[in-house]
Amino acid sequence: MLLRASGDREEKIFNLNSITNSALLSGVEQGELLRDLTDATVLSQWEDLQEIRKRASKILGHQTLVDILTVASGFNGITRVADSTGIPLDKTTAETTFDLRKTTGIENFDYSNKSNRYDIEKDSLTV
Amino acid sequence: MVIMYEETEYPLREELITAHAAQWERIGQPGAFWTAEDRVAFVQEARSSQSCDFCILRKKAMSPYAVTGKHTSFTNLPSVLIDTIHRIRTDPQRITRRMFDEVLASNYSREQYIELVSVVTSATIIDTLHQALGISLPETPEINSGNPLGQKKPHLVDEGAWVPLADTKFTLTDTGMPSAPNITRAMGCVPSAVELFFGTFRHHYALKNIPMNISQSQAEYVASRVSSINECFY
């Protein structure tokens with residue numbers, strides 16, 4: 001997970017559980033505002049985002065706001081490439097993030113696990 | 001050249017605007033396996049999904065296969081492709097191999113599937129940024145008719161994904177990431193699909209020393225949040 005690696009480089013410790021648990025603070029600078037902007041963008045909450053943009057512009061400035069939205073929109077595409085191709089983790093990432101994936105719940109996103117959860121037919125649900 | 005982001009009051013970076021305009025035009029050209037008409041129809045379907053009642057209903061269901069219905073659609077694409085595009089756009093979290101297998105079972109090739117994924121995800125990036133900035137979406141790309149172009153056979157390798165990956169030499173960079181991570185190899189069976197997608201994505205992120213007004217850790221936090229919401233294992 002590159003957030004942990006960037007924390008190591010910046011000599012900061014981030015709460016990685018905040019990635020999957022919105023109730024937790026990340027420790028990343030302006031993390032709550034980043035989360036609000038990102039979540040509204042990815043969840044298509046455009047009316048909410050209008051207000052969040054105004055707030056973020058005052059605190060962060062226009063260019064920083066644009067850069068956050070740029071990263072969020074880019075990842076809104078690239079995550080779909082991964083989700084649509086079922087690619088495995090890179091070998092080194094798989095080895096170094098095993099415990100982390102379990103702790104944060106990211107392991108549940110494994111594409112083979114998703115088939116068990118999301119291929120359920122209507123009849124299965126009515127039993 | 002298409003003009004993009006003219007409406008916005010925010011300072012978008014010039015190289016991003018230029019790249020998006022170029023890739024938008026590229027969608028309107030014939031691809032390796034689809035016509036320009038098909039590719040633009042993929043963009044139209046991705047947009048239709050945003051107001052599709054069936055997609056809204058399905059999103060509330062326990063499983064995408066737990067409900068049946070008909071998509072809101074304004075193209076003549078076959079239903080299996082409409083369903084695939086709507087799922088990629090509205091419900092990426094719950095895509096499973098079954099969706100991919102159903103496309104292949106309908107006599108489409110894995111290469112056609114990959115090119116479709118590339119067009120839909122590239123358009124997703126461009127449309128999302130417009131929406132996030134609060135400006136209207138660009139007109140769909142102008143169609144430049146012609147037959148699909150075909151391609152030379154790329155070097156591929158099976159590494160456990162639904163599709164074979166580009167066969168690249170494994171080396172590590174100083175970020176600890178491979179020089180060719182799997183995400184860049186995922187669409188390797190259609191090199192032009194890789195070029196379209198990463199031509200669009202390139203100015204949205206960097207693995208280190210990100211050339212933006214945010215720190216690397218802020219960029220990684222945003223990326224991680226998106227990955228979590230979209231249940232991206234990678």
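This is a predicted model: local features need pLDDT of at least 70, side-chain atom pairs count only at pLDDT 80 or more; totals for chains, interfaces and linings use all residues.
**Two chains, asked and answered**

Me: What makes a stretch of chain B count as a strand, say β1 (156–157)?
Reply: A strand needs a DSSP run of E of at least two residues, and a helix at least four of H or I. β1 of chain B covers 156–157, so that run passes the strand cut-off of at least two. Overall, chain B comes to 9 helices and 2 strands, in the order α-α-α-α-α-α-β-β-α-α-α.

Me: How do you know that the radius of gyration of chain B agrees with a compact globule?
Reply: Set the two values side by side: for 234 residues a compact globule would come out near 17 Å, and chain B has 18 Å, so the two agree. The C-alpha atoms of chain B fill a box of roughly 45 × 45 × 40 Å along the principal axes, and 47% of its 234 residues count as buried.

Me: Why is B:Glu142 called partly exposed?
Reply: Count the neighbours. B:Glu142 has 13 other C-beta atoms within 10 Å. Buried takes 20 or more and exposed takes 12 or fewer, so a count in between is called partly exposed. B:Glu142 sits in the loop between α6 (110–133) and β1 (156–157) of chain B. From B:Glu142 to B:Ile183 there are 41 residues in sequence and 29 Å in space, C-alpha to C-alpha.

Me: And what share of chain A counts as buried?
Reply: In chain A, 41% of the 127 residues do. Its C-alpha trace spans about 50 × 35 × 25 Å along the principal axes.

Me: What confidence values go with the complex and with chain B?
Reply: The predictor gives the complex an ipTM of 0.96 and a pTM of 0.94. For chain B the mean pLDDT is 95, and 100% of its residues reach 70 or more.

Terms used:
Residues are numbered from 1 along each chain as its sequence is written. Chains are lettered from A and ligands numbered from 1 in the order in which they are written. pLDDT is the predictor's confidence in each residue, from 0 to 100. The radius of gyration is taken over C-alpha atoms; the globule rule is 2.2 Å times the number of residues to the power 0.38.
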